[in-house]
Amino acid sequence: MEETQLDLSIVKSDGNNLEEFVEVRPWQRFWARGLDNILFILLVSFLLKKLLQAEIMEFQSFLIYLLAMFIWTFIEAILLCTWGTTPGKFLFNVTIRNADGEKLGFVSALKRSLLVWIYGIGFGIPVISIIGLISQYKKLTKMKSTTWDRKMKVIVRHDYLRGTKTVIIVTAFASIVISRIYVPLVNEIDEQRMLYYETPGSAISFNSNGYSLMDSGEYQKAKEQFLMGLDANPTFAVEGTLLNNLSWACFSLGEYDEALKYSEESLAIDDHSSASYTNYANALSMLGNNSEAEEAYKKALDLDKVNAYAYYGIGMLKYDDYAYKEAIDAFSEYTRLKKKDADGWCYLGLSYLYNKDMVTAKECLDKAMKISPEDVFIISSMANYYRYVGDSQKAEDLYKNALEKNQDDYDLLYSMAEFYQDKEKYDEAIQYADRAINADESRYKAYGIKAQIFFWQGEKQKAIDTIDLMISNNLDNAYVYYVAGNLYMNEYEYKLAVENYDKALEMNPLNEDACIGKIRALYFSKRYTACLKYALIAEDQFNNSEISWYIGNVYSRLSDSAQALEHYKKALEKNEEDAYLLMDIGWEYYYTEDFTNASLYADKALQIDETNSNATSLKKLIEKRQTNVIDQVTEFIEKNYMYYKSNASYTSLKNSLKTNQSEKIEDISKLFDSIHKDNDSFSFMLSGEDYKRYLEYQSGKTVEHEAVGDNINYIRITSFSGSTANEFLDVVDGIENTEDKYLIIDLRGNGGGDTNSGCDILDFLLPDCVVCNLIYKDGYSDSYYSDDAYIPFKHIFVLTDENSASCSELVTLGLKTYLDNVTVIGRKTFGKGVGQFLFEDKTRGFVIFLVNHYWNVREENIMGKGIEPDIEVLGDSIELYMNEVYNLTESMQ
């Protein structure tokens, strides 16, 4: 209690002349101070709750109250010496002045506030406070002044309340009553009602029973209790809790689809539950939908910054994605909150290990070992640390010591198998893998080690049989099909990889990893059309940068730079610090001759990693392409032309053009002509209309297909461009039961083109072999390989004539050399056993083709001699060729 009303006719008072005071209003003073205290206590509680990110306990609330009452003395003093009032006093029309009618100085104001704190509210201690308030009430009503006002000689002024302030006061107190009294009271009633319902057979009872069973590891029984709780007419809030706990139980049972379903239903009831978002994320993670899982974990943390399990989930996602720096951040938060969790310390240690911080890794793993020295996972992780730092003996000793106590422990046996696999001791690795399988044949990892070793040893069928056995023991496990897909993918068995990824996706459409695995397999098997079709759908389904990156790669392969850049940039939006992605964008701009943007992205990559050699190389090439075009052309000719031999005319013209800094196309053409070998018909320059036709040719369709009857497929290849192999594969992939079909490849009049396209077509049709060798001007050579996967046909007919040259001859000779079911029909081919390299300037509109290598197939080169047909056809009519095909197919029936 504080203020008295002073008669407005009085100008000054010494605080002792009580006769001047005509009226006192103790309750107006009481409510003014009470409003100040309540508002300040609420503010302090709110700030501390935000700072601590946790609910404030009852005992903590009392301490906060005492602290706030003391701090308020200083705040009040500041307000009185500056404003002359406080929020509560302002609303109740109360001001405080000294004997001169001026605002109090800070010292006076502070002394007065401290006296109020001591005499009026008794340090904030409830019992003392009541005594103090009653005492000062009596003094105020009897003596017309309180102790602190008398001591400090203070004048208190107050006026009658007006309408607006009255409304504000009523609203403020009503809000406080509702939020601090009514709502907690209703919640207390609800809690009492829930306790009332917690009787045998009630929803709450079933929930409590289920929770206890979860703690004891009896997940199936817990699930049954939660389900019975849902059937027991739960309240809306209890239903959400039951659904969330059901998700938890299903997750623990490995029933991830059900876990996802129940967590979604729980979130539909309460989307402000951090625990529900965590369970939702856990299910998504196990179903392979990592992008959405990460978003859900982040949402859980938005709702509760101390949700340890959300940090753990993010840590696992980043760890599995090899993003060890981000995994370190997440596991660091987890171990801060869960200091006694050995697994958390273990994963933090492994993340540091793979991030090359050996010292911190060892410290974390030591903490894990101290918490749980007998834990198999911890032991295996420590052994893995010793393997990583090169101390194999310590690692082996750790494994063996642990196995002495746990001879049938699957994880230890698997770790031993993996250890010996890394040491290339394959017999021992298979031995431990078999022991692991005997310990638990339903787990997949040991099968994977066996299959890998069999593949490496060239025993493909044994590897396939092992994978089939793994699947047969896990027919209902979608993840096992994903693992099988990875095993086949690692061994370039792309068709089998796609089949298993498809099975995994059929069982679990949310498996993001299987989706990316399928895209990867289609891409590396060069099935660009199928890859693009599937990846574009997946890009809309999953928020994953890798999918957008693969789409960009496909478009780049198909020479659609605009689409490639669009999807590369879409991927970059999700991963802005990816230097490899920045370089892909840089190179794509380089191919389009947008050197400004190419240089910009190379610089961005160098900002991330200044040692990036790829970016440095691109910068150097850009610098070259921005020099005078004559310098670029002369360097290209002298470095790459197989028949380059300097002469006086070339040297004189080159020096003259360099001196004059000429960039005219006619000058470039003259320079080319001055060095061009007379009888070299395979090196040439195109400009003007010829260059425009070349661009049309590059973008045109080069493959035609027709089914002739039930078992003959006719494919005509008019030329070899960058897209020819993809067009060819699209056709061939659409043919069912190829081993029972005849294939006709018509190469008549095809003068060749892109060597890569020809080699890719051979890769599709040939088993494991060296397709061809390229021998360059400087003597260096490159080899093109075909992997073990190929598309078999009953018989292949190749149609040729004297205009079949270069790539046409490469395809013909490759098929004839490596397959015993190929017949060449027509006439002797041209005999061009060389290939070209090109220099293109899109801005100026010209391209130069130079012979720069010989090619051979199994050391045979057909330069100048061509390929003789097996059956000669003298005319040009397709009917003459087809008659020969029909005769041969009939004889093969």
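The model is predicted, so local features need pLDDT of at least 70 and side-chain atom pairs count only at pLDDT 80 or more, while totals for chains, interfaces and linings use all residues. Residues are numbered from 1 along each chain as its sequence is written, and side-chain values use heavy atoms, with hydrogens and water left out.

**Exercise 1.** Find which helix gives the most to the nonpolar surface patch.

*Solution.* Start with the members: Leu 67, Phe 70, Ile 71, Phe 74, Ile 75, Ile 78, Phe 106 and Val 107, which together have about 630 Å² of accessible area. Such areas come from the Shrake-Rupley method with a 1.4 Å probe, and for residues only the protein chains shown count as cover. A patch takes residues with over 30% relative accessible area and no salt bridge, joining like charges within 9 Å and nonpolar side chains (Val, Leu, Ile, Met, Phe, Trp, Tyr) within 5 Å. A salt bridge is a side-chain nitrogen of Lys or Arg within 4 Å of a carboxyl oxygen of Asp or Glu. Next, look at the helices: helix 2 (58–82) and helix 4 (106–120) each supply at least two residues. Helices are DSSP runs (H or I, at least four residues), numbered from the N terminus. The answer is helix 2, with six residues.

**Exercise 2.** Decide whether Phe 106, Ser 617 and Tyr 311 are buried, partly exposed or exposed.

*Solution.* Recall the cut-offs: buried is under 20% relative accessible area, exposed is over 50%, and partly exposed is in between (1.4 Å probe, protein chains only). Phe 106, in helix 4, has 37% and is partly exposed. Ser 617, in helix 32 (residues 613–625), is partly exposed at 37%. Tyr 311, in helix 14 (residues 308–320), is buried because its value is 13%.

**Exercise 3.** Describe how helix 18 and helix 20 pack.

*Solution.* First take the angle: helix 18 (residues 376–388) and helix 20 (residues 410–422) pack at about 10 degrees, with axes 10 Å apart. Axes are lines fitted to C-alpha atoms over the stretch in contact, and angles run from 0 to 180 degrees between N-to-C directions. The two helices are therefore roughly parallel, a label for angles under 35 degrees. Finally, their crossing is right-handed: the near helix is turned clockwise from the far one by less than a right angle.

**Exercise 4.** Locate Tyr 492, which has a positive phi.

*Solution.* Most residues other than glycine have a negative phi. Tyr 492 has a phi of about 65 degrees, and its place is the loop between helix 24 (478–490) and helix 25 (494–507).

How values were computed
Angles under 35 degrees count as roughly parallel, over 145 as roughly antiparallel, 65 to 115 as roughly perpendicular and the rest as oblique.
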